[in-house]
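User: I am new to this structure and would like to be walked through it step by step. Could you begin with a term that I will need along the way?

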Amino acid sequence: MAVAANDTNAELTVTYKEDIGVCGLTYSGKTGGCAPIYDGDARAGENPTIEISTQYTPESQQPILKHEFGHVYGRIHGQEPMPLMSARRNLTLKQSPNATERANPWQYNTVTVYIDRQSIRERDQQTAESEFEAAVKYLQNSGDRNVPANVTFDRVTDRDDADIVIESASLDDFTSTGSPYGHDTDNDGELEYYTSQTIRVDDDTPVDHYAYHIAYWMLTPFVSDGYMPEHLDAEDDNREHWEQNR
C-alpha cells in the first residue's frame, strides 16, 4: 500500500471532518470514524472513503484510523485483532473554546429567527414586526461592538428552521426570558456553541417595548456576564436610554 497526499485518483481516500454524521444506518455526533466493510464477495464501490473525526485528539485518531482500516480489510466489530476492532473504546475529545469565549457563540455565522405571530395579539403584530426590525438593525450594526460583522440574522417562516424563536407568552414572574441552549462537545460541563434560543415576552408588556427585550436577549449570547451595554442593562431597566440609542 502506497500513501499519497491529495491524490484524486487514489483507490481509497482518508478524509478528516468534525462530524461524521450517518455511518451505515447509524447517526451519532460522537462517532470516531466510518469506513466501508469489504468481506466475502463484497467489492469496493466508486470512490471508497474512510472518514475520521477531528473532534478527538491525535492520540485517539490513530487507533480510530487503524480500526477503520480493519473494516476495509474485512474485519467487523468483535473480530480479531481485539480490542482494536471493539465497537466501543475510550477516546479523548479535544478541548474546544466555550461559547462564552468565542466571538460568535452560535454554531454558524447565519443565525435564523422565527417570529410566532400567532402568539401576538393581532392588533399588535405589525408593531411587533417593527420592533423586531429595530432590534436586528441594532445587532447588525455591531450591537455596541459585541456582534462580529460576519454574523447575520435571517428571518425564516418555519419554526423548525429557526435558531431563535420569538413569541409572546404569559410569564408569571418575568417581563421576558430567553436563555440560549447548545452543545457541550468536549464534555467539560460548558457549552461550546449555542444551537437554540426561545425569547418570550410577557403578553402584558407594551408592544412598543418589544425591541428592548428582543435586542437584550439576542445580544446576551455575545456578551459576558456583567458586560451588557448600559442602555440594555436589565438591572437598571434603562428602556428610556434604549429608546434614545436604538
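Analyst: A residue counts as buried when its relative accessible area is under 20%. Please keep in mind throughout that this is a predicted model.

User: What share of the residues of the protein chain count as buried?

Analyst: The secondary structure of the protein chain comes to four helices and eleven strands. The protein chain has 246 residues, and the share of them that count as buried is 41%.

User: How many residues of helix H3 are buried?

Analyst: Helix H3 covers residues 210-219 and is mostly covered. The buried residues of H3 include Tyr210, His213, Trp217 and Leu219. Of the ten residues in H3, the number that are buried is ten.

User: Is the packing of H2 against H3 roughly parallel or oblique?

Analyst: Helix H2, which spans residues 125-140, packs with H3 at an angle of about 40 degrees, and their axes are 8 Å apart. Angles under 35 degrees would count as roughly parallel, and 65 to 115 as roughly perpendicular, so the arrangement of H2 relative to H3 is oblique.

User: How many nonpolar residues does the contact of H2 with H3 have?

Analyst: The two helices cross in a right-handed way. On the H2 side, the residues making the contact include Ala128, Glu131, Phe132 and Leu139, while on the H3 side Tyr210, Ile214 and Met218 are among them. By class, this contact has no polar residues and one charged residue, and the number of nonpolar residues is 13.

User: Which strands do the buried residues of H1 pack against?

Analyst: Helix H1, residues 58-72, has 15 residues and reaches 21 Å from its first C-alpha to its last, close to the 21 Å expected. Among the buried residues of H1 are Ser60, Ile64, His67 and Val72. The strands that these buried residues of H1 pack against are S1 (13-17), S4 (33-34) and S5 (49-53).

User: Why does proline 63 count as buried?

Analyst: Proline 63 lies in helix H1. The cut-off for a buried residue is under 20% relative accessible area, and proline 63 counts as buried because its relative accessible area is 16%.

User: Which residues does proline 63 touch, not counting residues up to four places away in sequence?

Analyst: The C-alpha atoms of proline 63 and leucine 84 are separated by 7.1 Å, although these residues are 21 residues apart along the chain. Leaving aside residues up to four places away in sequence, proline 63 touches Leu84 and Arg89.

Key:
Residues are numbered from 1 along each chain as its sequence is written. This is a predicted model: local features need pLDDT of at least 70, side-chain atom pairs count only at pLDDT 80 or more; totals for chains, interfaces and linings use all residues. Side-chain values use heavy atoms; hydrogens and water are left out. Buried means under 20% relative accessible area, exposed over 50%, partly exposed in between (1.4 Å probe, protein chains only). The expected span of a helix is 1.5 Å times one less than its number of residues. Contact means heavy atoms within 4.5 Å. Axes are lines fitted to C-alpha atoms, for helices over the stretch in contact, and angles run from 0 to 180 degrees between N-to-C directions. Angles under 35 degrees count as roughly parallel, over 145 as roughly antiparallel, 65 to 115 as roughly perpendicular and the rest as oblique. A crossing is left-handed if the near helix is turned anticlockwise from the far one by less than a right angle, and right-handed if clockwise. Ala, Val, Leu, Ile, Met, Phe, Trp, Tyr, Cys and Pro count as nonpolar, Asp, Glu, Lys and Arg as charged, and the others, Gly among them, as polar.
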